[in-house]
Amino acid sequence: MKYKGETTEEVDKHISIREEIKTCFEEIGSFSVAQINEAMELIEIKTMKKGEHLLREGDISAKTYTIIKGCVRQYYLVDGIEKTTFFYTEGQSIYSPNSAAERIPAKYYLSCVEYSTLSVLTLENQEAMYRKFPVLESASRVSLREELHNYQEMLSTYITTNPEDRYLNLLKYRPELLNRVPQYQLASYLGVTPESLSRIRKRIFLK
């Protein structure tokens, strides 16, 4: 496993993270220590500062990211205005299959909302891992289907509800974002202005 840390403290954190990833492998299937070590040699651990970008519009994404610690925001730039479409947090993976496989430039940005630690797989290393360990590919496909279903549900909710209901859904399903994400980004995610979001929060608080 490759480390991209800057300090001894970060390297220590990576060693701890390595143990967490090993546990994940053990939960997925029956792997020997040698097999786990072989798979983990293909994984890079990367730390990113708040505000750093994993991807910018026009870039071609050829990597899969899984968030170990932190929060990453996906947004589009429309007429100079940021339109937030998703927040990724611990345990979620970020992958753009069209951009990676077909070499299509991305139309969106991926930016770290917090100091974040991620595991990184290049497309080549991911394919090599799946060839060696087919059970990992099966687990990845299941996870991808679940994430797609959740994204579709979120899109459906966004289209069929009003801003206050969308905020209530956020409180129910992703309350951790309220203390981790700036209000203007949450407002963009909900499709309202920061001022409207403040009014919505006040109305709910007074009920």
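This is a predicted model: local features need pLDDT of at least 70, side-chain atom pairs count only at pLDDT 80 or more; totals for chains, interfaces and linings use all residues.
Which residues in α6 meet which residues in α7? Residues are numbered from 1 along each chain as its sequence is written, and side-chain values use heavy atoms, with hydrogens and water left out.

**Figure 1. The protein as a whole has eight helices and nine strands.** Helices (H or I, at least four residues) and strands (E, at least two) are DSSP runs, numbered from the N terminus. Of the 207 residues, 38% count as buried, where buried means under 20% relative accessible area, exposed over 50% and partly exposed in between (1.4 Å probe, protein chains only). Among contacts with a separation of 6 or more, 71% join residues 24 or more positions apart; contact means heavy atoms within 4.5 Å.

**Figure 2. Helices α6 and α7 cross at roughly 115 degrees.** Their axes come within 10 Å. Axes are lines fitted to C-alpha atoms, for helices over the stretch in contact, and angles run from 0 to 180 degrees between N-to-C directions. Arg166, Tyr167 and Leu170 in α6 meet Leu186, Tyr189 and Leu190 in α7. By class, this contact has five nonpolar, no polar and one charged residues. Ala, Val, Leu, Ile, Met, Phe, Trp, Tyr, Cys and Pro count as nonpolar, Asp, Glu, Lys and Arg as charged, and the others, Gly among them, as polar. The crossing is right-handed; a crossing has this hand if the near helix is turned clockwise from the far one by less than a right angle, and is left-handed if anticlockwise.

**Figure 3. Helix α6 (residues 163–173) also meets helix α8 (residues 194–206).** The two axes come within 10 Å and cross at roughly 70 degrees. The helices are therefore roughly perpendicular to each other, a term for angles of 65 to 115 degrees, while angles under 35 count as roughly parallel, over 145 as roughly antiparallel and the rest as oblique. In this pair too, the crossing is right-handed. Pro163, Glu164, Tyr167 and Leu168 in α6 are in contact with Leu197, Ile200, Arg201, Arg203 and Ile204 in α8. Six nonpolar, no polar and three charged residues make up the contact.

**Figure 4. Phe87 and Leu186 have the most contacts inside the largest nonpolar core.** A nonpolar core is a set of buried Ala, Val, Leu, Ile, Met, Phe, Trp, Tyr and Cys residues joined through side-chain atoms within 4.5 Å. The elements that give two or more residues to the core are α6, α7 (183–190) and α8, and the largest share, four residues, comes from α7. Leaving aside neighbours within four places in sequence, the contacts of phenylalanine 87 include Cys71, Val113, Leu177, Leu186 and Tyr189. Apart from this core lies another, of 15 residues, among them Leu55, Ile94, Ala106 and Tyr108.

**Figure 5. Glycine 191 is found in the loop between α7 and α8.** The residue is partly exposed, with a relative accessible area of 43%. Not counting residues up to four places away in sequence, glycine 191 touches Tyr158 and Arg166. Threonine 84 is 107 residues away from glycine 191 in sequence, and 8.5 Å away in space, C-alpha to C-alpha.

**Figure 6. Aspartate 79 has a positive phi of about 50 degrees although it is not a glycine.** Aspartate 79 is found in the loop between β5 (72–78) and β6 (81–88). The residue is exposed, with a relative accessible area of 77%.
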